[in-house]
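Colleague: I have the file open and would like to go through it. Can we start once it is on screen?

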Amino acid sequence: MLIAEDEPSIVLSLEFLLQGAGYEVTTARDGTAALRMAESTRPDLIVLDIMLPLLDGFEVCRQIRANALLGHTRILMLTARGHQRAVEKSLTLGADAYMTKPFSTRELVLIINELLSSPAA
Amino acid sequence: MLTGATIVLVSFAYVGLLFAIAYYGDKRADAGRSIIANPYIYVLSLAVYCTSWTFYGSVGRAATSGIGFLPIYLGPTLMAALWWYVMLKIIRISKANRITSIADFIASRYGKSQMLGGLVTIILVIGIVPYISLQLKAISTSFSIILKYPEVVMPDKAGAALFLGDNTFYIAMLLAAFTILFGTRHLDATERHEGLVAAIAFESVVKLLAFIAVGLFVTFGMYNGFGDIFTRAAEVPQLYALLMLGDASGSYTTWASFTFLSMMAIMFLPRQFQVTVVENVNERHLNKAIWLFPLYLFAINIFVLPIALGGLMHFQGGSVDADTFVLTLPIAQQQPILALFVFIGGLSAATGMVIVETIALSTMVCNDLIMPVLLRLKALRLNEKIDLSGLFLAIRRGAIVFILVLGYLYFYFAGEAYALVSIGLISFSAVAQFAPAIIGGIFWKSGTRTGAICGLSAGFLVWLYTLLLPSFAKSGWLPITFLSEGIFGLDLLRPQQLFGLSGLDDISHCLFWSMLANIGCYVGISLLQKPSAAEHSQANLFVDALKQSSTSGSRFWRGIASVDDLVALLGRFLGPKRAREAFTLYARSRGEKTIKALVADADLVHYTESLLAGAIGSASARAMVASVVDEEPLGIDEVMTIIDEASQVLAYSRQLEQKSHELEAATNELRDANHRLQELDRLKDDFISTVTHELRTPLTSIRAFSEILSDNPQLDTGQREKFLGIIIKESERLTRLINQVLDLSKIESGNAEWHSSEIDMREVLDDSVTAVSQLFSEQNIALETSAPSVVPPIVADRDRLMQVMLNLLSNAAKFCERQDGRVIVRLTQEQDALRIDVIDNGIGISPGDQEVIFDKFRQVGDTLTQKPMGSGLGLAITREIISHFGGKLWVTSSPGAGSTFSFTLPLRSGSKFQVPSSRSK
């Protein structure tokens, strides 16, 4: 499981939540790092912030979807904007789900569990 | 070989071709597909200006006076530059009033005066006759010369009998026949002859090509180009003088008066008026003519000097008349085809002029001279005749023959005494007499009928006495003592030294006295008089022609008329069929089905009069219409009232126009304002979206950790405290952000409170350094200050300056995360400001980022792996504060080498804070 997020305290909370739910977690603080890490660790799921330094979440999402090796990887987009446009764009680029900041921690864990239990598209 | 039969045959074939072109042109015009509706044909038709005078005479004049032939072409070129205004006005007036000749134009301007029209016609007939005789002379001379091919023999006039024994008479009569066929096949209300114009344009091409052909032959065939001719000519002493701008080319006055004469001639010669104004299809053609016509003149003049010099060198001893060089040079060189082509070119030049000139003259003779007289003669009972159109054609045809006979007689008696150019100039001088009445008439409302009549008569009489009669005397028709001793033996009245004026050439002499008399009488008498109602209304129509709509003529009429009378009247002059067609057309334009439904109102009367004016001239038309309708005469007061009303309407419409301009400007301003608003709106949306994002980020952590703490009561104390610490820190961040947003919005909207007092900047520096010393020592950053021992006090808000310093210092600390971090605060005094630099040795800022860091919510920290804590509003607020105190804030930096944030605070303007001007609201 990969967390791509640049806000240290949010990373900390996500790490705590996901490790608590039994997942193995790595983190990336910017877009290029996220791509690099995704290729090397081939995570089952990426929690992807949109407003990332260097390469934004949309672009990271697009490149992951273009990468055949990462076909099984689910993507959960996190957005602090909540614009309908951002949501639509995430989904057309191939994200599996999205959540708006601030999010409910329980809901986040639920959605992640659900995404990982359903068969890969 | 060239036999007489060949020459005559070719000539007739050429004329036949002209007829074919004219016929085709007329057919196309009838079918509504005019071939002359293009500016190039228009320009070529204007070149009817270049007659055999140009074709043969220019070379003749160049042979005696070098470039003295040029003013005749300089004048039109200068005048063409004024056409866009003067000629445009004349064309517009003429179209609006259906004016068909220059006599009509002048008569119409001065209250539709029949007398004035008649006077102009008489002046023109007498004035133009020498000009027509010039063409006859040219044709006859060139014909005689080419008949003698291959010998070069000058024609000998001695022995030729008057009329039937003289070739020239037959030429004149043939020309009359052509003219009648070309110009008076039918009567047309507009006096327009499309076919004729097409033929004239064609002739202009032929004469230009013929002249250039000779020019090329002489320049490059007989000599080796321009340089060769001029070099060889310069070796002959007499010819050398020609090439200089010395006495030979004429004095300054001669140049000036010839230029002036030709400027007037290009507008007021009957044929020029005919082709430029009457035959004009589209006034936009004028725009092209303004530069193309001078170009034509230039083209036809290029080879004049080379031919003249070539002729002078070839025929030495003066045995050959220089006027014939164009033809005799090819003959002498045994070039039969070229000689024939030249002859045809000369024929083109001459016939074009004669045909258009006599058509224009015959129209005037008929409309302005004969018809007014005939209609007055009660014995003829013309008023009762049903159809006068046949009579019209007969009169015009008679007039054509009459004018050509006059031309022939002048040629016979006076022609030999003068060169071609001199004869032409006599006509130019006569035509120039119209200048005051016409130019005054379209620009000066006070010119009156009597003034125009007196001015024209005076000028004409002076011309007669100083130019025409001397030409008779020189040819022996009058006793030569007339020239040397004056009339009645009075020295002062010697026609070419009038009142002792000597030292001028005879043309300039005539021009001086005739213009003096003409303008003097016209202006003097006009000023002494009050114009009548009719004159006043016409003066307004003419002078304001470019401002008014063309239908305004009908406003100056009041009375009772019957439609039947009007139809019958028009029918008598145009023929009943054409009259009915015209009225049906009018009825249709008014939305009526039949003529019967028409009401004989002012508009219909005006329509009838303008149609009639096309056929018989405005003055006669006025008289005819007046005879069939019961008119109430309008007093001058009433006309003035109508004009006043009209000018009020005009003024009102100008106001409306101005208002609509203002409205348009206002609309544009609104549109711009709207764009600015949209832009502001977009900025506001961006701002809110960014603020929202910035608020959500700390909230996300707060919520996440709160939920974690709530859901996990079993967490150990260390973790619990760590998470709570994060919650507190993020809450502080949230508070800081909200405060800064509110602060910035207060400063930007001008609602912030400022507590200004006199402060010592050194103290502010010291206090701020003290405030951050804890933070700096925690991060291991060295902090140094440097300042002069004394700086002048400034007036500012101390707390705000502290805020600025703290912001810059904490920024500096943020970027100095290396072990050897170092920040220097430096205060210096500049000429009229204090300058503070905050220098760090941190990571630096890339040039691209330097421009945007002062924008709201820009955090350069985005490019760092470790994101600095900050709202992104600090620098925006700092800049607002500095600019509020009249200072400047900027940054110099390069990545990896640290940054320097600097700002200035003005020393003197401190007490008068300016409202920040850098932000637009």
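This is a predicted model: local features need pLDDT of at least 70, side-chain atom pairs count only at pLDDT 80 or more; totals for chains, interfaces and linings use all residues.

Colleague: How many helices and strands are in chain A?
Modeller: Chain A has five helices and five strands. Helices (H or I, at least four residues) and strands (E, at least two) are DSSP runs, numbered from the N terminus. The order of the elements in chain A from the N terminus is β-α-β-α-β-α-β-α-β-α.

Colleague: And in chain B?
Modeller: Chain B has 34 helices and nine strands.

Colleague: What about contacts between residues 24 or more positions apart?
Modeller: Among contacts with a separation of 6 or more, such pairs account for 82% in chain B and 56% in chain A. Two residues are in contact if their C-beta atoms, placed from the backbone, lie within 7 Å.

Colleague: How many residues of chain A are in contact with chain B?
Modeller: 19 residues of chain A are in contact with 18 residues of chain B. On the chain A side, helix H1 (residues 8-20) gives the most, with six residues. That side has nine nonpolar, four polar and six charged residues. Ala, Val, Leu, Ile, Met, Phe, Trp, Tyr, Cys and Pro count as nonpolar, Asp, Glu, Lys and Arg as charged, and the others, Gly among them, as polar.

Colleague: Pick a residue there. What is B:Ile726 in contact with?
Modeller: Leaving aside neighbours within four places in sequence, B:Ile726 is in contact with A:Ser9, A:Leu12, B:Ser701 and B:Phe705. B:Ile726 sits in helix H30 (residues 717-749) of chain B.

Colleague: Why does B:Ile726 count as buried?
Modeller: Because B:Ile726 has 20 C-beta neighbours inside 10 Å. From B:Ile726 to B:Pro698 the C-alpha to C-alpha distance is 9.5 Å, and the two are 28 residues apart in sequence.

Colleague: Back to chain A. Where does A:Glu59 lie?
Modeller: A:Glu59 is in helix H3 (residues 57-66) of chain A. A:Glu59 is partly exposed, with 17 other C-beta atoms within 10 Å.

Colleague: Now the cores. How many residues does the largest nonpolar core have?
Modeller: The largest nonpolar core has 198 residues, and those with the most contacts inside it are B:Ile106, B:Val120, B:Phe268 and B:Ala308. Helix H17 (residues 336-376) of chain B gives the largest share, 22 residues. Apart from this core lies another, of 39 residues, among them A:Ala38, A:Ile75, A:Leu76 and A:Leu78. A nonpolar core is a set of buried Ala, Val, Leu, Ile, Met, Phe, Trp, Tyr and Cys residues joined through C-beta atoms within 7 Å.

Colleague: What does B:Ile106 touch?
Modeller: Beyond neighbours within four places in sequence, the contacts of B:Ile106 include B:Phe434, B:Ala437, B:Ile438 and B:Gly441. Helix H20 (residues 434-443) of chain B is mostly covered, with eight of its 10 residues buried.

Colleague: How does H20(B) cross H23(B)?
Modeller: The axes of H20(B) and helix H23 (residues 506-528) of chain B come within 9 Å and cross at roughly 35°. Axes are lines fitted to C-alpha atoms, for helices over the stretch in contact, and angles run from 0 to 180 degrees between N-to-C directions. B:Pro436, B:Ala437 and B:Gly440 of H20(B) make the contact with B:Asn518, B:Ile519 and B:Tyr522 of H23(B). By class, the residues of this contact are four nonpolar, two polar and no charged.

Notes: Residues are numbered from 1 along each chain as its sequence is written. Chains are lettered from A and ligands numbered from 1 in the order in which they are written. A residue is buried if 20 or more other C-beta atoms lie within 10 Å of its own, exposed if 12 or fewer, and partly exposed in between; C-beta atoms are placed from the backbone.
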